[in-house]
Amino acid sequence: MMKPQKNLLIGLVCATALGVGGYGLYTIGVQHGMDMAAMPASSGVTASAPVQTVPEAGPQSIAQGEEATRRHIATGIKAGDVDPSTGKRILYYHDPMVPGNKFDKPAKSPFMDMMLVPVYADGDAGSDGSRVTVSPRIQQNLGVRTAEVTEGLLSPQVSAVGNIAFNERDQAFVQARATGYVERLHVRATLDRVRKGQALAELYVPDWMAAQEEFLSVRRMQGTDLATLVDGARQRMRQVGMSDEQIRLVESSGKTQARITLTAPIGGVVVELMAREGMTVMPGATLFRINGLGSVWANAEVPESQVALVRPGTKVQASSAAAPGTVLRGTVQAILPEVNPATRTLKARVELANPGNLLVPGMFVNMQFMDMREKKSLLIPTEALIQTGKRVVVMLAEDQGKFHPVEVETGIESNGQTEIKRGLQMGQRVVVSAQFLIDSEASLKGVETRLNAVPQPQATPATAAGSKP
């Protein structure tokens, strides 16, 4: 009975010994790790943290930055001082592998087995951090392509759909010039086509009879001083509404003309007809309104975001399904000062030539606005632009595989080309592919301090060492 109790006692003693030993080893390991993390760089002891390989884009600049940090430790330089070797003020120190933390003193990185790297006042990290260096092999792997900044004329093209309407500047009115009666109508319906000089209606005007009889009576009189009387009678015929042509007809025929034939002053379409046979018309009453079809208006709906690309005088090419294969040409007459609140568009009034009267009101046409700018400007491919939300940036390609971000001011865009108003010079080269990857690498190296606000020192290595990597 005593043997099982003895075995149980021996097992409890062994378990207690193993627990105490394991706890002691754990405590020693934790203390040793804390000592290694806080160990200064001058002690020559490095922590056993895993070493990460420096990215191939710019390893030389990181190594130079570490060397600069060692010099700063030896000479007592810190953030806010001027580096004698570069003549630049030091903003802060950071670990390029963990760029989110910033330190105000040079030291060994609490995260990686490397020294912190200085960031200078002009945005430089290390010796050349403002420029990202990418090896030719990495450029080939990323598919980096560049394009030259060129100078040329930009022809912005805007497409829109236009609705055909009558050209209101090509109108003519036919009115009654005296009280009369409509005896006969030659045009009886609106939208009838008429030719210039075509008879429209015949009117009987009894008020003309007395003035014509007076004129003919004076002409039949004998005497030498009758010219004044003849001129007076002729003026009275004009006063009752007779035209010079009708007066000449009375003079040549010697007979009264109580009827008048109204003719079309232009060719086109009768858009308004106010006369009917047998009706009485008063002086000044409009009987016909004719609109020409030699040219028409196309009212195009242009988005307000593209109105700057359309201006009066801009050349326009139009096509219509009613005239396949026919290119109609015209110019912008005006941009109407009214925005459609539903579609956020403005109307561009375009005057189009209408050969053969192919276009009639109500038709739709497809239009291309072509605004040839007279002044040359700097042009780059639109795909080279990086929109940051607050500004527009391009990656400028330099010699020896270096890339540098540049803020630019853009103008109009057309056919994949964008106008550059400020920030670049002709002959420079910009990155048109993989620029977002290069821009990200530049941000990791501290260039974001130049693109955004300059940060202030926020931490020291002692305070950051207690945070988790």
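Reader: How many bridges join strand E19 to strand E20, and in which sense do they run?
Author: This is a predicted model, to start with. In it, E19 (residues 323-340) and E20 (residues 345-353) are joined by 7 bridges and run antiparallel.

Reader: Which residue in E20 stands opposite Asn 340?
Author: Thr 345 is the residue opposite Asn 340.

Reader: What closed barrel is there, and in what strand order?
Author: The barrel has 6 strands in the order E8-E17-E20-E19-E18-E21, and the pairing is antiparallel. From one strand to the next, the twist averages 40°.

Reader: What holds paired strands together in general?
Author: Backbone hydrogen bonds pair the strands of a sheet, either parallel or antiparallel.

Reader: Switching to Leu 200. Which strand is Leu 200 in?
Author: Leu 200 belongs to strand E12, residues 199-204.

Reader: Buried or exposed?
Author: Leu 200 is buried, because its relative accessible area is 0% and the cut-off for buried is under 20%.

Reader: What does Leu 200 touch, leaving out residues up to four places away in sequence?
Author: Its contacts are Val 174, Leu 185, His 186, Val 187, Val 194, Leu 262, Thr 263, Ala 264, Phe 288 and Ile 290. Thr 263 is 63 residues from Leu 200 along the chain, yet their C-alpha atoms are separated by 5.2 Å.

Reader: And E12, which sheet is that in?
Author: E12 is part of an open sheet of 4 strands, ordered E13-E12-E10-E15 with antiparallel pairing. Strand E13 (259-263) and strand E15 (280-281) are the edge strands, each pairing on one side only.

Reader: How many bridges join E10 to E12?
Author: There are 4 bridges between E10 (residues 180-185) and E12, and the two strands run antiparallel. Tyr 181 has Tyr 204 in E12 as its bridge partner.

Reader: Val 174 was on the contact list for Leu 200. What is the bridge partner of Val 174 in E16?
Author: Val 174 is bridged to Phe 288 in E16, and Phe 288 also touches Leu 200. Strand E9 (residues 171-175) is joined to E16 (residues 286-291) by 5 bridges, in the antiparallel sense.

Reader: How many bridges pair E14 with E16?
Author: Strand E14 (residues 268-273) pairs with E16 over 4 bridges, again antiparallel. Glu 272 is placed opposite Arg 289 in E16, and Val 269 has Asn 291 in E16 as its bridge partner.

Reader: What is the bridge partner of Arg 193 in E14?
Author: Arg 193 is bridged to Val 269. Strand E11 (residues 193-194) pairs with E14 over 2 bridges, antiparallel.

Reader: How many of the residues in E14 are buried?
Author: In E14, 5 of 6 residues are buried, so by the under 20% cut-off the strand is mostly covered.

Reader: Now the helices. At what angle do H5 and H6 pack?
Author: Helix H5 (residues 227-239) and helix H6 (residues 244-253) pack at about 135°, and their axes are 10 Å apart. That angle makes H5 oblique to H6.

Reader: Left-handed or right-handed crossing?
Author: H5 and H6 cross in the right-handed sense.

Reader: Which residues meet there?
Author: From H5, Arg 234, Met 237 and Arg 238 meet Asp 244, Ile 247 and Glu 251 of H6. By class, the contact of H5 with H6 holds 4 charged residues, 2 nonpolar and no polar.

Methods. Residues are numbered from 1 along each chain as its sequence is written. This is a predicted model: local features need pLDDT of at least 70, side-chain atom pairs count only at pLDDT 80 or more; totals for chains, interfaces and linings use all residues. Side-chain values use heavy atoms; hydrogens and water are left out. Two strands pair if DSSP finds at least two bridges between them. Axes are lines fitted to C-alpha atoms, for helices over the stretch in contact, and angles run from 0 to 180 degrees between N-to-C directions. Buried means under 20% relative accessible area, exposed over 50%, partly exposed in between (1.4 Å probe, protein chains only). Contact means heavy atoms within 4.5 Å. Angles under 35 degrees count as roughly parallel, over 145 as roughly antiparallel, 65 to 115 as roughly perpendicular and the rest as oblique. A crossing is left-handed if the near helix is turned anticlockwise from the far one by less than a right angle, and right-handed if clockwise. Ala, Val, Leu, Ile, Met, Phe, Trp, Tyr, Cys and Pro count as nonpolar, Asp, Glu, Lys and Arg as charged, and the others, Gly among them, as polar.
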